[in-house]
Amino acid sequence: MSCIVVGVTGGIAAYKAVEIVRQLNLLGFQVKVIMTEHATRLVGPATFRAISGNPVALSLFEEEFGAMQHISLSHEADLIIVAPATANILAKMANGLADDLLSTTLLASRAPVLAAPAMNDYMYAHPATEANLKILKQRGVQIVGPGCGFLACGGKGEGRMAEPSEIVDAALEILGLYRKLDGVNVLVASGGTREPIDPVRFIGNRSSGKMGYALAEAAKGMGAEVLLISAPTTMEQPIGVERVMVETAEEMEKEVKTRAPHCKAIVMAAAVADFTPIEISGKKIKKLEKGGLYLELKHTPDILKELGENKPVGQILVGFAAETEDLLEHARQKLKGKNLDLIVANDVSREDSGFESDYNKAFLLFRDGREVELSLMPKRDLASLIWLEIAGLLERA
Ligand code: C5P
């Protein structure tokens with residue numbers, strides 16, 4: 001679903017590709033950049049490395065990546081964007097040339113391709129370029145732009161690369177994610193709550209907030225108005241998402257309950273404490289010489305259950321079930337008991353996924369009895385899949 005390879009070729013507009021990579025990254029995609037040699041003369045690979053968070057691939061013969069990098073990138077890619085696409089790369093693509101890493105990756109890949117031509121107006125208008133673009137379109141390559149405007153070579157004309165946001169929108173469209181949740185108000189609760197014992201100690205849990213933040217980013221990327229109610233986490237506030245920080249289960253309950261009626265979809269990805277101390281000491285509890293410390297705990301409110309009991313017609317309610325045993329059995333009970341439309345069940349005892357990990361292995365269990373086992377995948381991919389399902393449920397609601 002979401003590894004995007006961005007091929008940057010040697011047009012002046014290469015600097016604008018940095019913005020494309022930045023936007024895709026903010027939307028939660030895994031972005032891998034391939035630069036042609038000429039592109040590296042215009043923008044430094046270090047810039048793309050920093051913005052994408054991944055090493056930049058430059059040649060077919062890099063020790064670091066092994067000899068088959070074009071194959072691994074071509075298989076990994078769910079979409080390849082070529083931006084800027086010079087007349088040269090378009091000609092190579094149209095004729096099946098494979099003389100560097102980008103052209104070879106393109107030839108070896110079966111992923112959809114989006115090209116954003118950028119060149120001098122005469123080059124763009126040349127019959128050769130015209131013919132190449134025609135061939136590429138016939139083969140299913142999607143072309144975005146170019147627009148008319150000021151060109152790097154001076155003067156005005158057709159050949160100016162489409163704006164980065166236009167290119168990103170075209171990419172989302174190809175991935176089936178474009179504006180699937182356009183203007184829909186959604187609420188995501190994330191992170192692990194903390195229940196205070198005294199001014200310095202609390203009862204917490206291992207939730208990192210990664211799943212919830214991936215959900216917030218993915219929803220934003222699909223056009224939703226996102227409200228993120230977050231328990232403490234080290235995650236940064238996703239751009240364009242309204243975030244409300246809370247600490248305890250009670251605070252989360254208050255925020256979620258007041259906002260929930262205005263939302264079309266709610267995903268409770270938060271690890272909400274089930275118990276909280278009956279009494280909170282106003283002063284730090286001193287370490288005693290002998291004996292232990294006995295804490296009396298009471299139940300916290302079950303926020304999701306309350307939401308399920310008061311669910312407005314048409315609202316989609318999604319919960320998570322993090323279990324260490326009898327995963328599906330417990331998840332089915334929660335789906336029913338909390339009146340949910342969908343529950344995401346994950347086994348948190350697995351070493352390769354769950355808390356703190358960037359990966360998750362989940363089952364999706366629906367109200368209508370449908371059960372889907374998903375493979376181990378990055379949390380951001382799982383987030384997109386969950387929202388696609390929610391978008392489908394909203395359409396049918
Ligand atoms: O019943 P259990 O706590 O295992 O259910 C997990 C689901 O319920 C999660 O979606 C979690 O966010 C939510 N939950 C809640 N309030 C609680 C405990 C869990 O909303 N006090």
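A salt bridge here is a side-chain nitrogen of Lys or Arg within 4 Å of a carboxyl oxygen of Asp or Glu. Keep that rule handy for this tour of a predicted model, where local features need pLDDT of at least 70, side-chain atom pairs count only at pLDDT 80 or more, and totals for chains, interfaces and linings use all residues. Residues are numbered from 1 along each chain as its sequence is written, and side-chain values use heavy atoms, with hydrogens and water left out.

**Stop one: Arg259 and Glu242**

Select Arg259 and Glu242, a salt bridge with its closest N and O atoms 3.3 Å apart. Arg259 belongs to helix α11 (residues 249–259) and Glu242 to strand β12 (residues 242–245), so this pair links distant parts of the chain, 17 residues apart (helices are DSSP runs of H or I with at least four residues, strands are E runs of at least two, numbered from the N terminus). Arg259 is partly exposed at 25% relative accessibility, and so is Glu242 at 43% (buried means under 20% relative accessible area, exposed over 50%, partly exposed in between, with a 1.4 Å probe and protein chains only).

**Stop two: Lys16 and Glu163**

Now pick Lys16 and Glu163, whose closest N and O atoms sit 3.7 Å apart in another salt bridge. Lys16 is in helix α1 (residues 14–26) and Glu163 in the loop between β7 (156–160) and α9 (164–174), so the bridge ties together parts 147 residues apart in sequence. Lys16 counts as buried at 12%, while Glu163 is partly exposed at 35%.

**Stop three: Asp341 and Lys311**

Jump to Asp341, which forms a salt bridge with Lys311 at 3.0 Å between the closest N and O atoms. Asp341 lies in the loop between α13 (327–337) and β17, and Lys311 in the loop between α12 and β16, so parts 30 residues apart in sequence get tied together. Asp341 is buried at 10% relative accessibility; Lys311, at 21%, is partly exposed.

**Last stop: the largest pocket**

Which residues lie nearest the centre of the largest pocket? Select Ala270, Ala271, Val272, Asp274 and Ala322, out of 36 lining residues. A pocket is an open set of points on a 1 Å grid over the protein atoms alone, where a 1.4 Å probe fits, with protein on both sides within 12 Å along at least five of seven lines; lining residues have an atom within 4 Å of a point. The volume, meaning the space filled by probe spheres set on the points, is about 860 Å³. Colour α10 (210–221), α12 (303–309), β16 (316–323) and β17 (342–347), each supplying at least two lining residues.
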